[in-house]
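Visitor: Hi, could you walk me through this one? I have a few quick questions.

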Amino acid sequence: MIPVTIRPARREDVAPVAEIEQRAFSDPWTEGSFRALLGEPAVWFAVATADGADAAGRSLSGVIGYVVAYFAAEEAEVANLAVVPEARGQGIGARLLDAALEEGQSRGAEEFFLEVRESNVAARRLYAGREFEEVGRRPGYYRRPIEDALILRRIVRPRLK
């Protein structure tokens, strides 16, 4: 497993995050969208950084993944999560999701929501492993290619600071 640190995103992380976004999604957020998140009190924007090699000896360093979550009252939304293709399948997405869940619990969130492409089996498996359940569908939500989004929810017990 790759040694990873998860920390709040900083201005210098925006460009590498936008690069990961471009590689991960067919309808990516812009660099400006990520930049606008910095310092927003209702947003938790974190990155996973690495400085080492994976089990196969491939060197991975710098920002290798990120998560964006929004918080409002007792609700939270995981709006975006991605990991560089070279580091997928090594638990980094799970660590980012767990960190977002922890942050939400500390802010008093009682429910987490997210949308996922119906065809994204790996992401759906990750979310199911974290007790997210399907509660709805958004027909034609994704544009490239057009596909339904599944709305997932996880109920949590808040852990106040």
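Guide: Happy to; we can go from the overall fold to a helix, the core and one arginine.

Guide: This is a predicted model, in which local features need pLDDT of at least 70, side-chain atom pairs count only at pLDDT 80 or more, and totals for chains, interfaces and linings use all residues. Residues are numbered from 1 along each chain as its sequence is written, and side-chain values use heavy atoms, with hydrogens and water left out.

Visitor: Thanks! How many helices and strands are there in the protein?

Guide: The protein has 4 helices and 7 strands; these are DSSP runs numbered from the N terminus, with helices being H or I of at least four residues and strands E of at least two. Their order from the N terminus is β-α-α-β-β-β-α-β-α-β-β.

Visitor: And how much of the protein counts as buried?

Guide: Of its 161 residues, 44% count as buried. Buried means under 20% relative accessible area, exposed over 50%, and partly exposed in between, using a 1.4 Å probe and protein chains only.

Visitor: Switching to helix α3: is it mostly covered or uncovered?

Guide: Mostly covered, with 12 of the 15 residues in α3 buried. Among them are I92, L96, L97, A100 and L101. After α3 comes G108, which has a positive phi near 90°.

Visitor: Now the core. Which residues touch the most other members of the largest nonpolar core?

Guide: Those are F45, I92, F112 and Y127, in a core of 48 residues. Strand β3 (residues 59-72) gives the largest share of this core, 8 residues. A nonpolar core here is a set of buried Ala, Val, Leu, Ile, Met, Phe, Trp, Tyr and Cys residues joined through side-chain atoms within 4.5 Å.

Visitor: What is F112 in contact with, leaving aside neighbours within four places in sequence?

Guide: Its partners include F71, V78, A100, L101, F132, L152 and R154. Contact means heavy atoms within 4.5 Å.

Visitor: Where is R154 placed, and is R154 buried or exposed?

Guide: R154 belongs to strand β7 (residues 146-155). R154 is buried, because its relative accessible area is 17%.

Visitor: What does the R154 side chain reach?

Guide: It reaches the backbone oxygen of R130 at 3.3 Å. Leaving aside neighbours within four places in sequence, the contacts of R154 are L101, E110, E111, F112, R130, E131 and F132.

Key:
A polar contact is a pair of N or O atoms within 3.5 Å; within protein, one must be able to donate a hydrogen and the other to accept it, and residues adjacent in sequence count only if both atoms are side-chain atoms.
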